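Please look through the sequence and the structure before starting.

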Amino acid sequence: MTQKQLQEFQRRLDAELNEFKEQQKLGSKLAGQRSQMTTQLNENEMVKQELVLIQEGSQIYKLIGPVLVSQDKEDAMAVVEKRLEYLNGEISRLDKQIKDVETKQDQHRERIMEIQQQAQAAVQKQQQQQHR
């Protein structure tokens with residue numbers, strides 16, 4: 001194998017490794033965002049359960065900045081429902097992105113292995129030619 005061929009294998013390998021690492025970083029970031037969204041979803045589901053238990057006519061307060069604002073049960077339930085809908089949508093979107101990143105990681109992993117196998121095959125071929 002010539003020096004030029006070796007450099008080409010190394011260049012291709014480095015490029016694939018860099019792409020793989022970038023996908024890993026993105027996957028970690030997305031997983032963190034999904035975890036945060038799941039926590040918010042769980043909190044909002046608990047709020048919804050609490051709202052169901054509250055009797056009609058009871059006072060409900062919503063914290064807006066440093067101020068507690070009175071809110072009726074229907075409005076509070078509607079806000080929580082909308083928030084749950086939004087969070088479920090965001091989690092679905094993140095799940096799709098995570099799946100796409102995992103697919104790209106698998107593709108890069110396969111290309112890395114192919115490049116390594118090609119380099120090994122070239123070295124073996126060269127060694128066989130030298131022994132003749």
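**Salt bridges in the helices**

Glu-22 and Lys-25 lie three residues apart in helix α1, which means that about one helical turn separates them; helices here are DSSP runs of H or I with at least four residues, strands being E runs of at least two, numbered from the N terminus. The model is a predicted one, in which local features need pLDDT of at least 70 and side-chain atom pairs count only at pLDDT 80 or more, whereas totals for chains, interfaces and linings use all residues. Residues are numbered from 1 along each chain as its sequence is written, and side-chain values use heavy atoms, with hydrogens and water left out.

**Exercise 1.** Describe the contact between Glu-22 and Lys-25 and the exposure of each residue.

Step 1: their side chains meet in a salt bridge at 3.7 Å, N to O, the term requiring a side-chain nitrogen of Lys or Arg within 4 Å of a carboxyl oxygen of Asp or Glu.
Step 2: Glu-22 is partly exposed at 44% relative accessibility, while Lys-25 is exposed at 57% (buried is under 20% relative accessible area, exposed over 50%, partly exposed in between, with a 1.4 Å probe and protein chains only).

**Exercise 2.** Characterise the salt bridge between Glu-81 and Lys-48.

Step 1: the closest N and O atoms are 2.8 Å apart.
Step 2: this pair links distant parts of the chain, with Glu-81 in helix α2 and Lys-48 in helix α1, 33 residues apart.
Step 3: Glu-81 is partly exposed at 34%, and Lys-48 is likewise partly exposed, at 28%.
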